[in-house]
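Q: Can you walk me through this one? I'd like to start with the ligand site.

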Amino acid sequence: MTPALALEDIDCTFTSREDASLRYTAVRGATLRVAKGEFVSVVGPTGCGKSTLLNVAAGLLRPSAGSVAVFGKPLAGINSRAGYMFQAEALMPWRNTSRTSPRASSSAASPARRRRRGAGIG
Ligand SMILES: Nc1ncnc2c1ncn2[C@@H]1O[C@H](COP(=O)(O)OP(=O)(O)OP(=O)(O)O)[C@@H](O)[C@H]1O
Ligand SMILES: [Mg+2]
């Protein structure tokens with residue numbers, strides 16, 4: 001089946017923030033295919049390129065190399081099939097990860113909540 005989103009061999013290279021004479025490669029050779037209806041999380045340490053990759057998927061950033069296709073069509077410009085909540089607006093810095101998720105914190109009887117309580121979290 002044609003993926004809803006296909007990122008193929010993506011590179012993203014920027015001018016280095018530390019030294020403008022240098023190039024900095026934030027993402028190299030990243031391939032990600034997401035099927036319609038599939039739920040995917042991109043997880044990694046800070047600075048590993050998660051937001052950069054999402055910016056590419058949203059059409060906000062053109063990759064230095066590689067291709068982006070949305071339902072089989074090459075993406076040109078903004079991805080009008082994507083909804084995108086920016087990191088700064090979506091995060092609540094005063095909360096930990098488990099309490100940031102509204103579903104997790106509002107679902108009093110959920111197994112996840114019981115696990116967190118058992119672990120002394122939340
Ligand atoms: N426009 C830019 N110019 C120069 N460097 C950039 C630019 N955008 C991102 N970077 C660098 O690319 C790297 C990846 O950044 P990115 O924001 O994608 O990381 P992240 O995985 O989302 O991190 P975090 O978990 O902190 O949100 C970082 O080192 C960042 O400083
Ligand atoms: Mg980020």
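Q: Which element gives the most to the shell around ligand 1?
A: That is α1, with three residues. Keep in mind that this is a predicted model.

Q: And which elements give two or more residues to that shell?
A: β2 (23–34) and α1 (50–58).

Q: Which residues come nearest to ligand 1?
A: Phe 14, Ala 26, Thr 46, Ser 51 and Thr 52. They belong to a group of 13 residues around the ligand.

Q: How does the shell divide into nonpolar, polar and charged?
A: Seven residues are polar, four are nonpolar and two are charged.

Q: OK, switching to the fold. How many helices and strands does the protein have?
A: Five helices and four strands.

Q: What share of the residues counts as buried?
A: 10% of the 122 residues.

Q: And what share of the contacts with a separation of 6 or more comes from residues 24 or more positions apart?
A: Those account for 46%.

Q: Now confidence. What is the mean pLDDT?
A: The mean is 85 for the protein. A pLDDT of 70 or more is reached by 82% of the residues.

Q: Where does pLDDT stay under 50?
A: Over residues 117–122.

Q: How many contacts does the model have for that stretch, beyond four places in sequence?
A: Eight.

How values were computed
Residues are numbered from 1 along each chain as its sequence is written. Chains are lettered from A and ligands numbered from 1 in the order in which they are written. This is a predicted model: local features need pLDDT of at least 70, side-chain atom pairs count only at pLDDT 80 or more; totals for chains, interfaces and linings use all residues. A residue is near a molecule or strand if its C-beta atom, placed from the backbone, lies within 6 Å of it. Ala, Val, Leu, Ile, Met, Phe, Trp, Tyr, Cys and Pro count as nonpolar, Asp, Glu, Lys and Arg as charged, and the others, Gly among them, as polar. pLDDT is the predictor's confidence in each residue, from 0 to 100. Two residues are in contact if their C-beta atoms, placed from the backbone, lie within 7 Å. A residue is buried if 20 or more other C-beta atoms lie within 10 Å of its own, exposed if 12 or fewer, and partly exposed in between; C-beta atoms are placed from the backbone.
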